[in-house]
Amino acid sequence: MSSFIKGLGLDLFDFKNKFVCITEENNADANFCIGALISQALSDQAGGVCLLALHHSILHYYHVGMRLGHNLSSLVKRKFNIVDSVDILDSTNGLKNNDDLLKTTFFLLKNKLDQVRENCGKIFILIDDLSDFMNMGLSAKDIISFVQYLRLSLENEETLVISSHYNIGDREQEFIKNFLTLTCDLRLDVRSLETGFSKEVTGSITLTRKDMNNVSSWSPSAFYHYKTGERTIKVFSPGNISFSYTV
């Protein structure tokens, strides 16, 4: 998976204390980006992952980990921990207040995170997919408040990674997407192919990062195409040689 990070020019990027957002337009699937960052974190001897899984089941991530060479079940509590939507629903049974739901979710995640903190100094906290909170009845403002509170609770050398799906024209989803893209340090925008079906290209990735010499401005965006296969993803700049990796 290091080929994905290196291919996007992120092998020298300092993820410590950074906020990374992955936005996914309707009909696109950015799951391979989440897998790449999980692998990136776990490949570091001091690295760990705490995942808030709102979109997929726990088994999904275990299968992703196995394909990338990480037995996540053997790493639980030491280098990897997960809270999923089932955990949240079980813990909020009978609660109707959105504030109570978010507080319960925060403390579930914090308890799992604290277990990983005992063994790891460099931790990626991932949320996949933030927009799924809306299926629990939360508004965009509720969700943004949760993200802001979570960011304030993070410690040095911890990285926050959030993926969020959006449909063009959905005001709530676009509100969340705009908040993420304006406040993050690095953003990956994954989109399906606008011109329709192609045998050569599935979609595009636009990578933008803050200028480290001037954090109030952004460096020029880098644009890539990607092609999904049965077990691999090929990523390439338009007109250039591709690089591929297992998913």
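The crossing of helices α6 and α7 is right-handed in this predicted model. Helix α6 covers residues 98–117 and helix α7 covers residues 140–153, and their axes come within 11 Å while crossing at roughly 30°. Because angles under 35 degrees count as roughly parallel, the two helices α6 and α7 are therefore described as roughly parallel to each other.

On the side of α6, the contact is made by Asn98, Leu102, Thr105, Phe106, Leu109 and Arg117, and on the side of α7 by Asp142, Phe146, Tyr149, Leu150 and Ser153. Sorted by class, the residues that form this contact of α6 with α7 comprise six nonpolar, three polar and two charged ones.

The helix pair belongs to a protein chain that has eight helices and eleven strands. The table lists values for the chain as a whole.

| Property of the protein chain | Value |
|---|---|
| Radius of gyration | 17 Å |
| Box filled by the C-alpha atoms, along the principal axes | roughly 55 × 40 × 40 Å |
| Buried residues, of 247 residues | 49% |
| Contacts with a separation of 6 or more that join residues 24 or more positions apart | 68% |

How does the radius of gyration of the protein chain agree with that of a compact globule? With 247 residues, a compact globule would have a radius of gyration near 18 Å, and the 17 Å of the protein chain agrees with this. Buried residues make up 49% of the chain, and, among contacts with a separation of 6 or more, 68% are accounted for by residues 24 or more positions apart.

Technical notes:
Residues numbered from 1 in each chain as written. Predicted model: local features only at pLDDT ≥ 70, side-chain atom pairs only at ≥ 80, totals over all residues. Heavy atoms only, no water. Axes fitted to C-alpha atoms, helices over the stretch in contact; angles between N-to-C directions. Helix = DSSP H or I, 4+ residues; strand = E, 2+ residues; numbered from the N terminus. Parallel < 35°, antiparallel > 145°, perpendicular 65-115°, else oblique. Left-handed = near helix turned anticlockwise from the far one by under 90°. Contact = heavy atoms within 4.5 Å. Nonpolar A, V, L, I, M, F, W, Y, C, P; charged D, E, K, R; others polar. Rg over C-alpha atoms; globule rule 2.2 N^0.38 Å. Buried < 20%, exposed > 50% of the residue type's maximum accessible area, 1.4 Å probe, protein only.
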